Amino acid sequence: MMILHHGWRSSASRRVRLCIEEKGIAYEGHVVDMAKLEHHSPEYLKINPNGVIPTLIHDSRPLHESGTICEYLDETYPDPPLRPDTPYERALMRNWIRHIDGLIHNLIIFNWRHHLQKVASQWSDEELAEKLKNIPSKERQECWLRVARKPYTEEERDGARANLVRLLDRMEDALKPSGWLVGKGYSIADIAAVPFLKRIDEEIAPDEISANKHPRVAEWWTKIQARPAFARANFGPFLES
Ligand SMILES: N[C@@H](CCC(=O)N[C@@H](CS)C(=O)NCC(=O)O)C(=O)O
């Protein structure tokens, strides 16, 4: 039995759902409510010491990190393959995942102001201090402090938007040979980018995913959204209350 602890709006969870749905794996989903900080509870920290979602439980063993989980799933359920054939291309795929992972803060700046900020801004100073104690990383403590007390500014959002547009520039280049980020087909490198593209398209910089700004990215995005697994992964509108 496979269990996925995830969130519907979480980008990292969306990656894993995309991978699972490509492979048609049956799983039980456990939704973790980030607004209630369920991912910082002692029980959850036992399965994910970083206190983030998603976490996969397979054969009673937990696994965290969405990129790692996708690779694990691809090794365990090789059909259809989601990694390129050669060691070099697989290394390039991992570098893409790592690069996109490094951009997560830029997405947080946009994402957390919608749902989490509403909740976090209502906590008293005592409640906030108590909650911050349970967050394993200093970086994420800072993110929660920011949404609770000092929301990201327009200027910070502009900076984050520019960084995400640079991701599109880089993708535009990489897509030239085959229309996919690495190798000849859809891979976990593409999957890693999909949740970012969804948010860029939905709110952050929709004009950038267009034939005149980033034509190959626009084409890639159309192909991705036409995949049956994309519909099954159930991204839903992020901004819906
Ligand atoms: N590198 C991790 C990132 C996971 C991550 O940042 N998850 C977010 C949701 S997309 C989260 O749990 N945020 C809550 C928090 O930081 O408190 C992965 O890919 O699994």
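Begin by selecting Ser60, which sits in the loop between strands S3 and S4, where helices (H or I, at least four residues) and strands (E, at least two) are DSSP runs numbered from the N terminus. Ser60 has a positive phi of about 65° although it is not a glycine. Most residues other than glycine have a negative phi, and most peptide bonds are trans. What you have open is a predicted model, in which local features need pLDDT of at least 70 and side-chain atom pairs count only at pLDDT 80 or more, while totals for chains, interfaces and linings use all residues. Residues are numbered from 1 along each chain as its sequence is written, and side-chain values use heavy atoms, with hydrogens and water left out.

Strand S3 (residues 55-58) and S4 pair in the antiparallel sense over four bridges, and two strands count as paired if DSSP finds at least two bridges between them. Within this pair, His58 stands opposite Arg61 in S4.

Now widen the selection to the whole sheet, which is open, has four strands in the order S2-S1-S3-S4, and shows mixed pairing. Strand S2 (28-31) and strand S4 (61-64) stand at the edges with a single partner strand each, so one side of each is left without a neighbour in the sheet. Neighbouring strands of this sheet are turned by 20° against each other on average, direction ignored; axes here are lines fitted to C-alpha atoms, for helices over the stretch in contact, and angles run from 0 to 180 degrees between N-to-C directions.

Beyond it, look at Pro80 in the loop between H3 and helix H4 (87-101), where a cis peptide bond joins Asp79 and Pro80, with omega about -5°. Another cis peptide bond runs from Ile53 to Pro54, with omega near 10°, and Pro54 lies in the loop between helix H2 (42-47) and S3.

Which residues are closest to the ligand? Of the 14 residues that surround the ligand, the closest are His39, Ile53, Ser66, Arg140 and Trp144, a residue being near if one of its heavy atoms lies within 4 Å. A backbone N or O atom of Ile53 lies 2.8 Å from a nitrogen atom of the ligand, and an N or O atom in the side chain of Ser66 is 2.6 Å from an oxygen atom of the ligand.

Finally, colour the chain by its domain assignment, which gives domain 1 (2-76) and domain 2 (87-113 + 152-232), with bounds that come from an automatic or database assignment. Here 13 residues of domain 1 are in contact with 20 residues of domain 2, contact meaning heavy atoms within 4.5 Å.

Technical notes
Polar contact = N/O pair within 3.5 Å; in protein donor to acceptor, adjacent residues only side chain to side chain.
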